[in-house]
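Me: I've got a protein model open and I'd like to check what the labels on it rest on. Can you take me through it?

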Amino acid sequence: MAKTKSKARKSKSHNHKKVSHLHKIYKTKRKTKDHDQIHQDLKLKNAHELLNQAIEHDMPGAAQNYCVHCARYFIDEIALKEHFRTKLHKRRMKALETEPYTQEEANRAAGIGCFVAPKKFDIKTQPDKQKLEKIFEETVDKDNII
Ligand SMILES: [Zn+2]
């Protein structure tokens, strides 16, 4: 009885090793930006730059259809709009609602400083290019007046 058990375990662990080896390859295959990097990108100036990139033929869709939240390029506007309705995109938006992890938070967890509740952000799917252009122009004008 004991012998057969150990045999089964051996083969299981062997299979597991193979899977984890492959998993490492695929884990980095579709690696995108981390959440704190995306929070930087979501600032209006950065978002404006990312959504108005120069035409680059090596990128999908010549780098003209970009999802800021997922840091992904799409081949055309239809694909981009379809992506906004997917689970992947919605999950990402939900994850971006909380404040990105920082060293300060790690210190607080270790007993340095007091607990501060994480901030919540109101994340919305990026507007159309024309709408974003308008928002950008309005805020730039206001900054000039002040
Ligand atoms: Zn997305």
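This is a predicted model: local features need pLDDT of at least 70, side-chain atom pairs count only at pLDDT 80 or more; totals for chains, interfaces and linings use all residues.

Me: Why is glutamate 133 called partly exposed?

Reply: Count the C-beta atoms around it. Glutamate 133 has 14 other C-beta atoms within 10 Å. Buried takes 20 or more and exposed takes 12 or fewer, so with 14 glutamate 133 ends up partly exposed.

Me: And which residue is 82 positions from glutamate 133 along the chain, and how far off is its C-alpha?

Reply: That's leucine 51: the two C-alpha atoms are separated by 9.7 Å.

Me: OK, now isoleucine 38. What makes that one buried or exposed?

Reply: Isoleucine 38 has 20 C-beta neighbours inside 10 Å. The cut-off for buried is 20 or more, so isoleucine 38 counts as buried. You'll find isoleucine 38 in helix H2, residues 35-41.

Me: What does isoleucine 38 touch, leaving aside its neighbours within four places in sequence?

Reply: Lys33, His69, Ala71 and Leu96.

Me: How much of the protein counts as buried?

Reply: 5% of its 146 residues.

Me: Alanine 71 turned up among those contacts. Why is alanine 71 called partly exposed?

Reply: Its count is 16 C-beta neighbours inside 10 Å. Since 20 or more would be needed for buried and 12 or fewer for exposed, alanine 71 with 16 counts as partly exposed. Alanine 71 sits in the loop between E1 and strand E2 (72-73).

Me: How do you know whether alanine 62 is buried or partly exposed?

Reply: Alanine 62 has 15 other C-beta atoms within 10 Å.

Me: What about aspartate 76 and lysine 90: what are their counts?

Reply: Aspartate 76 has 13 other C-beta atoms within 10 Å, and lysine 90 has 13 C-beta neighbours inside 10 Å. Exposed would need 12 or fewer, so aspartate 76 is partly exposed, and lysine 90 counts as partly exposed too.

Me: Where are aspartate 76 and lysine 90?

Reply: Aspartate 76 is in the loop between E2 and helix H4 (77-84). Not counting residues up to four places away, aspartate 76 touches Gly61 and Asn65, and its C-alpha is 8.5 Å from that of proline 60, 16 residues off along the chain. Lysine 90 belongs to helix H5, residues 87-96. The C-alpha of threonine 125, 35 residues along from lysine 90, is 9.0 Å away.

Me: How do you know which residues the "C2H2-type" domain covers?

Reply: That comes from the UniProt annotation, an unreviewed entry, which gives residues 67-89. In the model, residues 67-89 are 48% helix and 13% strand, with the end C-alpha atoms 9 Å apart.

Me: And what's the overall pattern along the sequence?

Reply: α-α-α-β-β-α-α-α-α, with 7 helices and 2 strands in total. As for contacts with a separation of 6 or more, 37% are between residues 24 or more positions apart.

Notes:
Residues are numbered from 1 along each chain as its sequence is written. Helices (H or I, at least four residues) and strands (E, at least two) are DSSP runs, numbered from the N terminus. Two residues are in contact if their C-beta atoms, placed from the backbone, lie within 7 Å. UniProt positions are given in the numbering used here, feature names are shortened, and annotations may be inferred rather than shown by experiment.
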